[in-house]
Amino acid sequence: MGWYLAARGAEVLKRLGARDVVSFASGKPPTNLVAGASRFGSDPQTTVLDADCRAHDVENLYVTDGSFMPDAGNAPVTWTIYANAFQAADRIIDRLGGPRGSAG
Ligand SMILES: Cc1cc2nc3c(=O)[nH]c(=O)nc-3n(C[C@H](O)[C@H](O)[C@H](O)COP(=O)(O)OP(=O)(O)OC[C@H]3O[C@@H](n4cnc5c(N)ncnc54)[C@H](O)[C@@H]3O)c2cc1C
């Protein structure tokens, strides 16, 4: 999709009279969507957190920033971070036997 859009953009610029137009698209994740520092998963050998974002090795540690995702891909991730943090909070409440809020 990135390459397609870059090529269409270059076409538009050329039709407008621009010269020496260079277009580019990267398939790599953008540097503003950092992820993967403490990936979640079921294998403690290859992941830091379990599926609830609780550390495999530290019983009372949950990590709910963007680092749980192996890779942010190329899409904005902030809403995913929020949703995951709410889910992890529900797991903590369940674990402690506390009541859920009205939104839960
Ligand atoms: C320029 C730019 C534009 C972006 N645009 C979008 C967008 O349009 N949509 C979107 O969804 N996402 C966007 N993002 C990505 C989004 O901002 C991040 O994915 C998100 O903020 C990551 O959340 P986080 O909680 O993992 O980390 P952060 O938001 O980076 O939070 C980490 C926090 O930890 C604090 N901290 C660091 N070290 C320590 C320490 N030793 N002790 C205590 N505190 C510490 C930092 O001060 C910071 O407050 C953008 C990012 C950038 C840089």
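Because the model is predicted, local features require a pLDDT of at least 70 and side-chain atom pairs count only at pLDDT 80 or more, whereas totals for chains, interfaces and linings use all residues. Residues are numbered from 1 along each chain as its sequence is written.

Along the principal axes, the C-alpha atoms fill a box of roughly 65 × 35 × 15 Å. The protein is divided into domain 1 (1-29) and domain 2 (31-97), with bounds that come from an automatic or database domain assignment, and the C-alpha centres of these domains lie 36 Å apart. The secondary structure comprises two helices and zero strands, these elements being DSSP runs numbered from the N terminus (helices H or I, at least four residues; strands E, at least two).

Of the 104 residues, 8% count as buried; a residue is buried if 20 or more other C-beta atoms, placed from the backbone, lie within 10 Å of its own, exposed if 12 or fewer do, and partly exposed in between. The largest nonpolar core has seven residues, namely Phe40, Val48, Leu49, Cys53, Phe68, Met69 and Ala88, such a core being a set of buried Ala, Val, Leu, Ile, Met, Phe, Trp, Tyr and Cys residues joined through C-beta atoms within 7 Å. Leaving aside neighbours within four places in sequence, Leu49 is in contact (C-beta atoms, placed from the backbone, within 7 Å) with residues including Phe40, Val63 and Phe68.

Leu5, in helix 1 (residues 2-15), is exposed because 11 other C-beta atoms lie within 10 Å. Ala35, by contrast, is placed in the loop between helix 1 and helix 2 (78-96) and is partly exposed, with 19 other C-beta atoms within 10 Å. Among the residues that Ala35 touches, not counting those up to four places away in sequence, are Gly66, Met69 and Val77.

The residues around the ligand, counted as near if the C-beta atom, placed from the backbone, lies within 6 Å of it, are Asn32, Leu33, Asp65, Gly66, Pro76, Val77, Thr78 and Ile81. This shell divides into four nonpolar, three polar and one charged, where Ala, Val, Leu, Ile, Met, Phe, Trp, Tyr, Cys and Pro count as nonpolar, Asp, Glu, Lys and Arg as charged, and the others, Gly among them, as polar.

Terms used. Contact = placed C-beta atoms within 7 Å.
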